[in-house]
Amino acid sequence: MQGAKDLRSVQKKGRLEVICGSMFSGKSEELMRRLRRAEYAKQRVLSLANKIDDRRGIGKISTHNGTVRIAHTLDNTIESIARMLILAEQADIVGIDEIHFFNEDIILAIRELVERGKHVLIAGLDQDFRGEPFNITAILMSLADNVTKLKAICLSCGRDAHHSQRLIDGKPARYDDPIILVGAQECYEARCRDCFSIDKRPWRTTTKTQQQQS
Ligand SMILES: [Zn+2]
């Protein structure tokens, strides 16, 4: 009969976990909690972040409540992704924050890490400010062993929120505004589906919104 130890010895491949949700839902905190827990168990952790997110200094994963973890930073070049594979050789667990800042080239490398036996933890936004999916997060969610979708609290009504409302000069941003604006907290609010506001939704064939625009 095979005991637990025997089963572990034949388990060669790793696993992929995705932590997603809107802004202010606690994604980075949850990522850090899981990485800390692994460190308590003496597992070797590699923390990674994208260079584009330098809100609180390059080389850190940080949360809105000020918690910080030192991280290696990557950009979206093939060289940088190759560097990730080398860095990960010495790690049991690889944590990548703000996955939505990466381009889809990193997906193959993440799959390779899982094939090599690494436990890969990903955190990031599942939707942009227009309420549209970030493709990279959506693909990784479909490949994951486990997905955790966190919710924030709607700043307008107090219900569960899964939208990131972008505000420019206090008014909802327009659909055609650029997707990524790394910046201050006051530019975004967590909103529920009812309180979320965007000027158009192309997936609706006939909408009052479109009629109001014309
Ligand atoms: Zn609301």
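Me: Before we start, what should I know about the numbering and the model?
Reply: Residues are numbered from 1 along each chain as its sequence is written, and side-chain values use heavy atoms, with hydrogens and water left out. The model is predicted, so local features need pLDDT of at least 70 and side-chain atom pairs count only at pLDDT 80 or more, while totals for chains, interfaces and linings use all residues.

Me: How many helices and strands does the chain have?
Reply: Helices (H or I, at least four residues) and strands (E, at least two) are DSSP runs, numbered from the N terminus. Here the chain comes to 6 helices and 13 strands.

Me: In which order do the strands of the 6-strand open sheet stand?
Reply: Two strands pair if DSSP finds at least two bridges between them. In this chain the order is β5-β2-β6-β7-β1-β8, with parallel pairing. β5 (72-74) and β8 (146-150) each have a single partner strand, so one side of each lacks a neighbour in the sheet.

Me: Which helix lies across β2, β5 and β6?
Reply: Angles run from 0 to 180 degrees between N-to-C directions, with axes as lines fitted to C-alpha atoms, for helices over the stretch in contact. The helix you want is α3 (residues 78-87), which runs at about 150° to β5. Helix α5 (residues 135-143) packs on the sheet too, touching β1 (15-21), β7 (119-125) and β8, and its direction makes about 135° with that of β1.

Me: Which residues have the most contacts inside the largest nonpolar core?
Reply: A nonpolar core is a set of buried Ala, Val, Leu, Ile, Met, Phe, Trp, Tyr and Cys residues joined through side-chain atoms within 4.5 Å. Buried means under 20% relative accessible area, exposed over 50%, partly exposed in between (1.4 Å probe, protein chains only). The largest core has 26 residues, and M84, I96, I99, I106, I110, I122 and L140 have the most contacts inside it. Helix α4 gives the largest share, 6 residues. Contact means heavy atoms within 4.5 Å; by that rule L140 touches L16, V18, I99, I107, I110 and I122, leaving out residues up to four places away in sequence. There's also a second, separate core of 12 residues, including A49 and L121.

Me: Is H119 buried or exposed?
Reply: H119, in strand β7, counts as buried at 11% relative accessibility. A polar contact is a pair of N or O atoms within 3.5 Å; within protein, one must be able to donate a hydrogen and the other to accept it, and residues adjacent in sequence count only if both atoms are side-chain atoms. The side chains of H119 and E17 make one at 2.6 Å.

Me: Which strand holds H163, and what does its side chain meet?
Reply: H163 is in β11 (residues 163-168) and is buried, with a relative accessible area of 7%. Its side chain makes a polar contact of 3.1 Å with that of Q127. H163 also touches other residues, among them S22, E189 and F196.

Me: What is the strand order in the sheet that contains β11?
Reply: That open sheet of 3 strands reads β12-β11-β13, with antiparallel pairing. 2 bridges join β11 to β12, and I168 stands opposite K171 in β12.
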